[in-house]
Amino acid sequence: MLLPLILFAPVMIFVMISDLRWMRIPNWTALAGVAVFLAASPWLGWDEAIARAIAAAIVFAIGFGLFAVRILAGGDVKFLSALVLMLPSASLSLFGFVFSFAMLASIGCLIAARATEPAGHSRWVGMRAHQHMPMGVAMGLAGLLHLAILTLNNFPIFA
């Protein structure tokens, strides 16, 4: 069922802009994901809801470890965990590939954009922070691309 991912799409777009603009992912974005998941859970079925929750818990645990060694920021970990709640469990391996592509594309675009003269004077923190990557861009892009791929492949919107 794609309905949670569809409902979460505006939040993904906001996170992409917010992380690039301020290098911040507000806590409410992850809470919105949990709220959408909880609201959609009765239509997902117990097996699917539990599978999504377990996947999100695993992502959170790994992300927490990466946060502890300062590889990921806390907002990145929380938002990615919430995003995994939106993904159909049958498509998690596909999401791994889509997320890898989105990270590479985001890094490439960011490097190219930062190489331009105006980027050094940009008011957008993500454009000036050469030692950091606004992961919200890659996560949001991955979620939106994943939604597009599943929709094009006739994945059911409703269960």
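Trp46, Ile50, Ile54, Ile58, Ile62, Leu66, Val69 and Ile71 together make a nonpolar surface patch of about 850 Å². Such patches are made of residues with over 30% relative accessible area and no salt bridge, with like charges joined within 9 Å and nonpolar side chains (Val, Leu, Ile, Met, Phe, Trp, Tyr) within 5 Å; accessible areas come from the Shrake-Rupley method with a 1.4 Å probe, and for residues only the protein chains shown count as cover. The model is a predicted one, in which local features need pLDDT of at least 70 and side-chain atom pairs count only at pLDDT 80 or more, while totals for chains, interfaces and linings use all residues. Residues are numbered from 1 along each chain as its sequence is written, and side-chain values use heavy atoms, with hydrogens and water left out.

- Isoleucine 54, one of the patch residues, lies in helix α3 (residues 46-68), where helices (H or I, at least four residues) and strands (E, at least two) are DSSP runs numbered from the N terminus.
- Isoleucine 54 counts as partly exposed because its relative accessibility is 47%; buried means under 20% relative accessible area, exposed means over 50%, and partly exposed lies in between (1.4 Å probe, protein chains only).
- The side chains of arginine 52 and glutamate 48 meet in a salt bridge with an N to O distance of 2.7 Å, a salt bridge being a side-chain nitrogen of Lys or Arg within 4 Å of a carboxyl oxygen of Asp or Glu; by this rule the count comes to one salt bridge.
- Arginine 52 and glutamate 48 both belong to helix α3, where they are four residues apart, about one turn of the helix, and both are buried.
- An α-helix has 3.6 residues a turn, so residues three or four places apart point the same way.

**Helix α4**

- Helix α4 has 13 residues and reaches 19 Å from its first C-alpha to its last, close to the 18 Å expected at 1.5 Å a residue, the expected span of a helix being 1.5 Å times one less than its number of residues.
- Eleven of the 13 residues of α4 are buried, so that the helix is mostly covered, and among the buried ones are Asp76, Phe79 and Ser81.
- The buried residues of α4 pack against α1, α2, α3, α5 and α7, with contact meaning heavy atoms within 4.5 Å.

**Helix α7 and the residue that follows**

- The 18 residues of helix α7 (residues 135-152) should span 26 Å at 1.5 Å a residue, and the end C-alpha atoms are 26 Å apart, which agrees.
- The buried residues of α7 include Met135, Gly136, Ala142, Gly143 and Leu150, and the buried set packs against α1 (3-22), α4 (74-86) and α5 (92-114).
- Histidine 146 lies in helix α7 and counts as buried because its relative accessibility is 0%.
- Not counting residues up to four places away in sequence, histidine 146 touches Leu5, Leu87, Ser91, Leu94, Phe95 and Val98.
- Asparagine 154 is found in the segment after α7 and has a positive phi of about 60° although it is not a glycine; asparagine 154 is exposed, with a relative accessible area of 69%.

**Serine side chains and a loop residue**

- Serine 18 lies in helix α1 and counts as buried because its relative accessibility is 2%.
- A polar atom of the serine 18 side chain lies 2.6 Å from the backbone oxygen of arginine 24; a polar contact is a pair of N or O atoms within 3.5 Å, where within protein one must be able to donate a hydrogen and the other to accept it, and residues adjacent in sequence count only if both atoms are side-chain atoms.
- Serine 18 also touches Met23 and Pro26, among the contacts that remain when residues up to four places away in sequence are not counted.
- The C-alpha atoms of serine 18 and proline 134 are separated by 9.1 Å, although these residues are 116 residues apart along the chain.
- Methionine 23, in the loop between α1 and α2 (27-44), has a positive phi of about 55° although it is not a glycine.
- Serine 122 lies in the loop between α5 and α6 (125-128) and is buried, with a relative accessible area of 16%.
- A polar atom of the serine 122 side chain lies 3.0 Å from the backbone nitrogen of tryptophan 124, and, leaving aside neighbours within four places in sequence, serine 122 is in contact with Met127 and Arg128.
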